Amino acid sequence: MLFLASLLLAYLVLCGSSRDAFAEEESGGTVSTVQGLALYGEPALSEDFTHFPYVNPQAPKGGSLARAAIGSFDSTNPFIIRGTPATGLTQIYDTLMETNPDEPFSQYGLLAEGVRLDPKRRWMEFDLNPEARFHDGKPVTAQDVVFSFEILRDKGQPFYAAYYADVAAVKALNKKTVRFEFAESNSRELPLILGQLPILSRHYWQERDFSATTLDKLLGSGPYRIAEVQPGRRIVYQRVEDYWGKDLPVKQGRHNIDRLIFDYYRDQTVALEAFKAGNLDFRLETSARQWATAYDFPAAKEGFVKKLEVPDGQPAGMQAYVINLRRDKFQDVRVREALNLAFDFPWLNKKLFYDAYERTHSFFENSEMAAQGLPSEAELELLEPYRDQLPERVFTEPLPIEHPEELRPRLAEALNLLQEAGYVVRNGKMVNTETGKPLSLEVLLYDTQFERVVQPLLRNLSRLGIDGKIRVVDVNQYLNRLRKFDFDMIVGGFPQSNNPGNEQREFWTSAYAHQPQSRNLIGLENPVVDELVEKLIRADSREELDTAAHALDRVLRHGFYVIPQWHLAATRIALWDLYGYPQPHPEYNLDLEAWWVDPERAKEIRPRQRGD
């Protein structure tokens with residue numbers, strides 16, 4: 001995104017930098033060194049802030065937190081395509097800057113104590129904190145930053161290449177300063193994206209194969225290090241007592257718990273029983289049924305276990321049955337719309353979910369970016385050049401798309417669509433009139449807990465003559481099939497932030513449709529979508545971003561590429577009541593790093609967990 005000069009002046013704000021450093025522009029002016037950046041306007045915190053406002057800077061240190069991970073793992077390298085990485089590995093790495101969970105998108109210095117952004121957006125520079133150290137005591141240098149960027153872009157998951165696509169060059173100016181040069185039409189959020197860059201140790205990796213899986217206790221510079229690895233069973237992180245950044249404003253009152261434990265279970269049912277028994281301390285509950293019925297065991301009734309619902313300030317995004325367009329049978333939009341019509345959310349919500357959820361319609365649900373009604377004038381300006389490439393209903397039918405509420409007329413409409421697409425029912429089976437092949441699909445799962453949710457959809461499809469099956473595999477096999485896009489349909493998600501940007505390329509664009517392990521799960525190859533994604537990424541203002549998101553959302557929804565499911569604008573947490581946490585919680589993201597163990601409550605509750 002290209003900025004107007006006035007917006008740029010507001011974008012660069014001095015937030016905590018005690019230095020008077022400047023860089024010369026090619027025009028002969030100067031660029032101030034700052035310590036904070038915001039995507040729009042100015043960062044909320046003043047230059048002398050000492051900690052994030054919501055944290056408890058006097059929080060006690062110590063204790064442990066055990067939680068479940070599902071499936072298995074065979075690698076401690078989370079950055080590559082190969083292997084199944086363990087949960088929680090980001091805890092061992094620092095980034096150049098730290099995001100404030102209490103702001104929409106603002107960052108403050110972590111490894112970088114200062115940053116300069118060219119007003120013409122041709123480059124930016126980071127000055128590293130001279131105190132920054134890896135866990136082996138060696139300093140973090142500009143060469144480590146260059147190495148990290150290049151190896152993640154070239155050998156990491158496709159996500160990184162998409163994220164960093166607008167970086168033209170990166171170079172170390174000296175031991176403590178690194179410079180990024182940008183493509184001419186870069187995105188507004190690119191400077192903040194680079195602030196999120198995890199920094200790896202060049203000296204550690206230069207003799208190792210970065211692309212290979214490993215179970216080594218990898219070297220980082222973050223607040224935790226890997227303490228214990230039991231492949232496929234458990235990984236434990238230990239707080240680094242002499243962590244170099246513990247006194248920084250962005251770290252005060254955070255990373256208080258000594259040991260973070262992730263125990264692996266094959267499915268959520270077993271993990272829930274482990275929580276009830278006191279073997280786990282904390283649980284994110286994703287099942288409405290369990291939330292309503294499963295927490296009446298003795299420890300909960302006695303007050304040792306509590307339930308929280310933490311409001312979620314982020315868009316709900318899209319959780320859905322994802323349809324794989326790489327399968328020829330799903331190429332016809334009428335077939336995909338018919339599959340959507342067979343999904344009966346009101347029945348599910350009433351019978352299985354205790355009316356806990358709302359139906360998801362938009363890919364930017366629960367936000368101002370969700371398209372509503374007919375296209376606005378601003379949307380039409382974006383969409384009109386593609387009128388010949390888009391279905392007319394994009395311009396004439398309001399959102400949300402109107403379908404019958406009751407199941408019988410929905411299935412009747414679905415049947416008509418399938419017949420228009422060249423299908424007919426023969427001997428109770430929906431078959432293609434040209435090929436004679438029956439229309440069938442398989443839903444790939446890795447957790448048996450979701451079977452009860454899928455079955456009603458398959459039952460409705462069977463009424464149309466469509467043969468639907470469920471295939472449950474272990475996590476490793478699931479991930480292998482996902483990498484190769486070997487599925488008809490999965491339950492997938494497209495998470496969104498309040499400021500969508502470069503990651504949208506990997507979700508929707510043609511370049512990622514056939515890249516193994518990309519997040520273009522649909523296999524979408526649509527030139528209109530490609531161009532709308534670029535318009536969203538390069539929007540110059542909040543208004544332009546919202547308009548581009550509306551247009552993209554509208555085109556995606558009229559493509560019926562997924563069967564939208566449901567959402568809850570909160571995070572459900574069950575925990576043994578020995579933890580303190582910020583109240584109120586930060587507005588935009590749950591920050592578990594700001595929690596702590598209450599020593600007094602732990603004395604009472606730990607014996608109860610162990611059954612003493």
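Student: Hi! How much space lies in the largest pocket?

Tutor: Hello! This is a predicted model, and in it the largest pocket holds about 430 Å³ of space.

Student: Which residues lie nearest the centre of that pocket?

Tutor: Those are Arg359, His361, Ile401, His403 and Arg410, out of 21 residues that line the largest pocket.

Student: And which elements give two or more residues to its lining?

Tutor: Three elements do that: α10 (345–351), α18 (542–559) and β24 (562–564).

Student: OK, switching to the inside of the protein. How many residues are in the largest nonpolar core?

Tutor: That core has 106 residues, and Leu96, Phe126, Phe180 and Leu194 have the most contacts inside it. Helix α2 (residues 142–155) is the element that gives the most to this core, with seven residues.

Student: What does Leu194 touch?

Tutor: Leaving aside residues up to four places away in sequence, Leu194 is in contact with Leu96, Met124, Phe126, Phe149, Tyr164, Val167, Phe180 and Phe182. There is also a second, separate core of 42 residues, which includes Ala320, Leu390, Leu521 and Val528.

Student: Nice. Now the sheet with β10 in it: what is the strand order?

Tutor: The order is β8-β9-β11-β10, in an open sheet of four strands with antiparallel pairing.

Student: Which strands stand at the edges, and why is one side of each left without a neighbour?

Tutor: β8 (112–117) and β10 (167–174) are the edge strands; each has a single partner strand, so one side of each has no neighbour in the sheet. From one strand to the next, the twist averages 15°.

Student: Let's zoom in on β10 and β11. Over how many bridges do they pair?

Tutor: β10 pairs with strand β11 (residues 177–182) over six bridges, in the antiparallel sense. A hairpin through two residues joins β10 to β11.

Student: So which residue of β11 does Asn174 face?

Tutor: Asn174 stands opposite Thr177 in β11. Another such pair is Lys171, which stands opposite Arg179 in β11.

Student: Back to α2 for a moment. Which strands does α2 touch?

Tutor: α2 packs on the sheet and touches β9 (123–128), β10 and β11. The direction of α2 makes about 160° with that of β10.

How values were computed:
Residues are numbered from 1 along each chain as its sequence is written. This is a predicted model: local features need pLDDT of at least 70, side-chain atom pairs count only at pLDDT 80 or more; totals for chains, interfaces and linings use all residues. Side-chain values use heavy atoms; hydrogens and water are left out. A nonpolar core is a set of buried Ala, Val, Leu, Ile, Met, Phe, Trp, Tyr and Cys residues joined through side-chain atoms within 4.5 Å. Buried means under 20% relative accessible area, exposed over 50%, partly exposed in between (1.4 Å probe, protein chains only). Contact means heavy atoms within 4.5 Å. Two strands pair if DSSP finds at least two bridges between them. Axes are lines fitted to C-alpha atoms, for helices over the stretch in contact, and angles run from 0 to 180 degrees between N-to-C directions. On a 1 Å grid over the protein atoms alone, a cavity is a set of points where a 1.4 Å probe fits but cannot get out, and a pocket is an open set with protein on both sides within 12 Å along at least five of seven lines; lining residues have an atom within 4 Å of a point. Grid points are joined across faces, edges and corners, and a volume is the space filled by probe spheres set on the points.
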